Amino acid sequence: MVRGPWLPVLDTDSFDLGNSIDFAEECGPVNPPDYHAPPICYFDQQLRGGDGGVDLFDLLVRETNRYAEQYLQGRTLSPQSRARAWRPVDREEMRAFLGLLLAMGVVKKPTIASYWNEGYKNWLASTPSFGGIMPRNRFQVIMRFLHCNDNSVAVPRGQPDHDPLHKIRPVLDLVNGSFANSHGLAQSVCVDERVVGFKGRHHLVQYMANKKAHRWGVKLWILAEAGTGYTHQVRIYKGRNLGGPPPKEGLGHSVVLDLMEPHLDKGHHIICDNYFSSPSLCHALFDRGTFCTGVVAVRRKGMPSSFVGKRPPRGSTIVRRQGPLLAVLFSDRKVFTILSTMGSPRMEDGLNSRGRSVTLPSVVRLYNTLMGGVDLGVYDPQVRLDFLLTASVNAYHTFLNTHGRTTSRLDFHMSLLHSLVGNTQVKRRTGRPRTQPPSRRLTGRHFIEVLPEGKRKQCVLCRKRQRVIDGSAGKVRTWCPDCHVGLCARCFRQYHTADHIEE
């Protein structure tokens, strides 16, 4: 649709777009937990489901047990397979499992198995709490069968009703419904992309050269509150070949309208970057009672042709208007262009990100203040865990709204982990007391002596500890003649008094 010509704005100090849309929606937490409720109650609210029915934990328990049963039926397992020890998981154990997964984001180690490494060689980096909550093999077998949907009803690829997101569709629908029902959006919202880093083979993996943290991964479209960063809706990009025919106005245009569909005609103000912004998007949103502000590529379709190739003196602007839409080209260290149906081109004094005094247009200050809400959330290198961490961040924002900043983000998260693990502990089998006599090295009188004929032996304890004594690779001239082992003076007492010597 042709919207008319771009007209110059000469008096930028007194210019006013005159756009007025009332915003009267209720915003903030909806039915938050009691003031004295612990953090886990805020977290559970974010995973309860849109209809208040089954929550995320019950869903994972049901589908994980279903998949394990389907996998084990009619399958011959090797004698060493850990799947032989499978038993159905329950809700309490699933909560403890997810608590350990989230704890791995706080305590970083190179492999999953390393969280259960114990013994003298690993004492410096050992994490005995993991082994006390759940055995390593049990954790890994739950990870092996962890599922979110029934594979038996999946439509094969290439069929008309195939869903590329079938495996996580129930979780995606559940968290979107829960996020929306737990919080009312404020007037200013952000639409942006988020990347869940992943380099494995999968049809959802995208390559984004401009992303520094994760250039390979699954791309998410996020609708978040600009001020708090509360994530309201999540969409997963299926790819160019799996997402249907290309949208007429471009992918960014359709993503914004899809995320904002339930919130149009309510007076919201959308902040977005140049991937989404365009004159057609701003006009389409304004026609539906929604403001929009965003930086835009100067060569985007519908932009003023007079902006192309222009670089005015630093600190100056070129302003154009097309009906309710304002376009501002501002020259600073770089030249960039911004569109808005709400802002003003009036110059204002303020501070930049380096704390220096600068003069810039009011609409630029508005964008810098509100953009970045999506980045206030955290993300994890697995889509399933990204939803859990997003729920944790949303729970923390709800907690802050009720209590103020009385608890740090890390303390809140650690409280969630402790509550998820609960009282889950490994049930260790206790056997009969040892009846065999104590080792000879612990009885009688032992004396350290020099080896005869100038011989040398390796000290049994130094060898186990991988010590090198005097550059002689652990070989010493002393031993215990009763035990017939080489021992240095440093290890002699420990060898004859310690109840357990690592073999």
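1. At 49% relative accessibility, Asp 265 counts as partly exposed (buried is under 20% relative accessible area, exposed over 50%, and partly exposed in between, with a 1.4 Å probe and protein chains only). The model is predicted, with local features needing pLDDT of at least 70 and side-chain atom pairs counting only at pLDDT 80 or more, while totals for chains, interfaces and linings use all residues. Residues are numbered from 1 along each chain as its sequence is written, and side-chain values use heavy atoms, with hydrogens and water left out.

2. Asp 265 sits in the loop between helix H7 (251–260) and strand E8 (269–272); helices (H or I, at least four residues) and strands (E, at least two) are DSSP runs numbered from the N terminus. Its phi is near 60 degrees, a positive value in a residue other than glycine. Most residues other than glycine have a negative phi.

3. His 484 is not a glycine either, yet has a positive phi of about 60 degrees. His 484 belongs to the loop between strand E18 (478–480) and strand E19 (485–486), and at 54% relative accessibility it counts as exposed.

4. Helix H2 (residues 56–72) packs against helix H3 (residues 91–103) at an angle of about 105 degrees, their axes 9 Å apart. Axes are lines fitted to C-alpha atoms, for helices over the stretch in contact, and angles run from 0 to 180 degrees between N-to-C directions. H2 and H3 are therefore roughly perpendicular to each other (65 to 115 degrees).

5. In the contact (heavy atoms within 4.5 Å), H2 contributes Phe 57, Asp 58, Leu 60, Val 61 and Thr 64, and H3 contributes Arg 91, Met 94, Arg 95 and Leu 98.

Notes
Parallel < 35°, antiparallel > 145°, perpendicular 65-115°, else oblique.
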